[in-house]
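Work through the exercises below with the sequence and the model side by side. Try each task before reading its solution.

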Amino acid sequence: MTADAPAPHTPDSTSASSAEHTEEQRQANRVEAWSIGWMILALVIWGWFAFLLLADYGPEYRDRPLCPGPLVGPVSDDVRCADEALRQWPAVAGVLALAVITTVTAAATTVYAKVLFRLAHRDGPDVKPHG
């Protein structure tokens, strides 16, 4: 054997790298599924936040709810409107914080899943680039 000839791959090293490659793909798929779940949860919370800000609420008055949403109309001085705890600004700000946290988590897990996919599909160190 000459020094210039590359050493042949043994079946054990090929199967070991293949098993490691599929494990990386499984992990990337698992993280991608989690990122999709976080995205759906973030969308639901953003929808809830928009509903709390825009939808009218309270008892019916002339075929409409008595209290307008916080961003839709002027704040009502009626006592019945103040009883709705989720329509007060501290609660709405809490829902906003929850929406932001889930959105950031969704973005982070999406980026992590993309990195794992790239790592799973990378060429090995002994493979020479084409071209």
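**Exercise 1. How many aromatic pairs does a search of the whole structure find, and which residues form an edge-to-face pair?**

Solution. Start with the criterion. Rings of Phe, Tyr and Trp (its six-membered ring) pair if their centres lie within 6.5 Å; planes under 30 degrees apart count as stacked, over 60 as edge-to-face and the rest as tilted. The search of the whole structure finds one aromatic pair. W46 and F49 form it, edge-to-face, at 5.8 Å centre to centre with 85 degrees between the planes.

Helices here are DSSP runs (H or I, at least four residues), as are strands (E, at least two), numbered from the N terminus.

Last, check cover. Buried means under 20% relative accessible area, exposed over 50%, partly exposed in between (1.4 Å probe, protein chains only). F49 is buried at 14%. W46 is partly exposed at 33%.

Two notes on the source apply throughout. This is a predicted model, in which local features need pLDDT of at least 70 and side-chain atom pairs count only at pLDDT 80 or more, while totals for chains, interfaces and linings use all residues. Residues are numbered from 1 along each chain as its sequence is written, and side-chain values use heavy atoms, with hydrogens and water left out.

**Exercise 2. Which residues make up the largest nonpolar core?**

Solution. Use the definition. A nonpolar core is a set of buried Ala, Val, Leu, Ile, Met, Phe, Trp, Tyr and Cys residues joined through side-chain atoms within 4.5 Å. The largest one has seven residues: I45, F49, L52, L53, V92, V95 and A99. The largest share, four residues, comes from α1.

Now look around V95. Setting aside neighbours within four places in sequence, V95 is in contact with I45, W48, F49 and L52. F49 also belongs to the aromatic pair with W46.

**Exercise 3. Is T102 buried or exposed, and where does the side chain of T103 reach?**

Solution. Begin with T102, which lies in helix α3. T102 counts as buried, at 3% relative accessibility. Beyond residues up to four places away in sequence, T102 touches W38, L41, A42 and I45.

Move on to T103, also found in helix α3. T103 counts as partly exposed, at 32%. Leaving aside neighbours within four places, T103 is in contact with A42 and W46. T103 and W38 are 65 residues apart in sequence and 7.4 Å apart in space, C-alpha to C-alpha.

Now follow the side chains. That of T103 reaches the backbone oxygen of A99 at 2.7 Å. That of T102 reaches the backbone oxygen of A99 at 3.0 Å.

**Exercise 4. How many salt bridges does the structure hold, and which side chains meet?**

Solution. Apply the cut-off. A salt bridge is a side-chain nitrogen of Lys or Arg within 4 Å of a carboxyl oxygen of Asp or Glu. The structure holds one. The side chains of E23 and R26 meet in a salt bridge at 2.9 Å, N to O.

Why are the two about one helical turn apart? Because E23 and R26 are three residues apart in helix α1.

E23 is partly exposed at 37%. R26 counts as partly exposed too, at 46%.

Finally, look across the sequence. E23 and A120 are 97 residues apart in sequence and 8.4 Å apart in space, C-alpha to C-alpha.

How values were computed
A polar contact is a pair of N or O atoms within 3.5 Å; within protein, one must be able to donate a hydrogen and the other to accept it, and residues adjacent in sequence count only if both atoms are side-chain atoms. Contact means heavy atoms within 4.5 Å.
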